[in-house]
Amino acid sequence: MKILIVEDDRPLSASLQALLADRGYQTDAVYDGEAGVQYALLGVYDLIILDVMLPALNGWQAARQLRAQKCATPILMLTARSELEDRVEGLNAGADYYLTKPFDTRELLACVGALLRRQGGQVDQLSFGNTSLDLDGSTLACGGQWVRLSAREFEVMRCLMQARGRNLSKEAILARVWGYDSNAVENHVEVYVGFLRKKLASIGSNVRIEAVRRLGYHLETNEA
């Protein structure tokens, strides 16, 4: 699971990253509302932790922009402002939950888990067509056949299965699988898609990874 933290208090942001990493989550951090919107719209995050008092755009403005642009990623809003009107403002802007500072880390982790479960983020298996991806064992299975995936193959396949047939750009896959600080290029995505196509064929899967020029990749199933 990958989480975007939009918080201008850098020590707090670093603490959140460390806390979430210790629980097995991947995180990226940005420090103003405009950057938060830009990153969130990449579509590679399972959850956004969004502060209210931010430079450039405040959290309410950022949430409204994301919802206006059809970004459905859950938003956990953090703020020191605890008045009822502020909480209502945050929820009306599109936040899914509103947590006031200072907060107990147990409550934060419980909120994160609840929001991820709500969107089906915490499951043991993803399926598409006649094929399933085991999230614990990193295996791809079809009928009685299965094949183990490398770490990169697994992450690319998980992205595609979570997209449920929607196109994912090469840039989005690079950001999610390799990270923003990586030297990986689009050819890396093409290579791993090639590996996955061969492994899907080896287990008799009816799932195809289709490429669409300038739009990226999506999954389809063969006709029966």
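In which sense do strands S6 and S7 pair, and over how many bridges? S6 and S7 (residues 131–134) pair in the antiparallel sense over four bridges. The model is predicted: local features require pLDDT of at least 70, side-chain atom pairs count only at pLDDT 80 or more, and totals for chains, interfaces and linings use all residues. Residues are numbered from 1 along each chain as its sequence is written, and side-chain values use heavy atoms, with hydrogens and water left out. Helices (H or I, at least four residues) and strands (E, at least two) are DSSP runs, numbered from the N terminus.

- Strand S1 (residues 2–6) is joined to S3 by four bridges, and the two run parallel; strands count as paired if DSSP finds at least two bridges between them.
- Within this pairing, Ile 5 stands opposite Ile 49 of S3.
- S1 also runs parallel to strand S2 (residues 26–30), to which five bridges join it, and Ile 3 stands opposite Thr 27 in S2.
- From S1 the chain crosses through helix H1 (residues 10–22) to S2 in a right-handed β-α-β crossover. Right-handed means that, with the strands pointing away from the viewer, the path from the first strand over the helix to the second runs clockwise.
- S3 pairs with strand S4 (residues 75–79) in the parallel sense, over four bridges, and Leu 50 has Met 77 of S4 as its bridge partner.
- A right-handed β-α-β unit is made by S3, helix H3 (residues 59–68) and S4.

**Burial of strand S3**

- Strand S3 (residues 47–51) is largely enclosed by the rest of the structure, because five of its five residues are buried. Buried means under 20% relative accessible area, exposed over 50%, and partly exposed in between (1.4 Å probe, protein chains only).
- Leu 47, Ile 49 and Asp 51 point one way from S3, Ile 48 and Leu 50 point the other way, and all are buried.
- In a regular strand, side chains alternate between the two faces of the sheet.

**Antiparallel sheet S6-S7-S8-S9**

- Four strands form an open sheet in the order S6-S7-S8-S9, with antiparallel pairing.
- Strand S6 (125–128) and strand S9 (145–148) are the edge strands, each pairing on one side only.
- Direction ignored, neighbouring strands of this sheet are turned by 20° against each other on average. Axes are lines fitted to C-alpha atoms, for helices over the stretch in contact, and angles run from 0 to 180 degrees between N-to-C directions.
- Ser 127 has Ser 132 of S7 as its bridge partner.
- Helix H6 (residues 151–162) packs on the sheet and touches S6, S7, strand S8 (139–142) and S9, where contact means heavy atoms within 4.5 Å. The direction of H6 makes about 125° with that of S7.

**Aromatic and cation-ring contacts**

- The structure holds two aromatic pairs. Rings of Phe, Tyr and Trp (its six-membered ring) pair if their centres lie within 6.5 Å; planes under 30 degrees apart count as stacked, over 60 as edge-to-face and the rest as tilted.
- Trp 178 and Tyr 192 form an edge-to-face pair, at 5.7 Å centre to centre and 65° between the planes.
- This pair links distant parts of the chain, 14 residues apart: Trp 178 lies in the loop between helix H7 (170–177) and helix H8 (186–202), and Tyr 192 lies in H8. Both Trp 178 and Tyr 192 are buried.
- Tyr 192 and Phe 195 are also edge-to-face, because their ring centres are 5.3 Å apart and their planes stand at 80°.
- Tyr 192 and Phe 195 both lie in H8, three residues apart, about one turn of the helix. Phe 195 counts as partly exposed, at 36% relative accessibility.
- Arg 10 lies over the face of Tyr 31, at 3.7 Å from the ring centre. A charge sits over a ring if NZ of Lys or CZ of Arg is within 6 Å of the ring centre and within 35 degrees of the ring normal.

**Backbone features in loops**

- The peptide bond from Lys 101 to Pro 102 is cis, with omega near -5°; Pro 102 is in the loop between strand S5 (97–100) and helix H5 (105–118).
- Ala 56, in the loop between S3 and H3, has a positive phi of about 70° although it is not a glycine. Ala 56 counts as exposed, at 52% relative accessibility.
- Arg 214, in the loop between strand S10 (207–212) and strand S11 (216–221), has a positive phi near 70° and is likewise a residue other than glycine. At 75% relative accessibility, Arg 214 counts as exposed.
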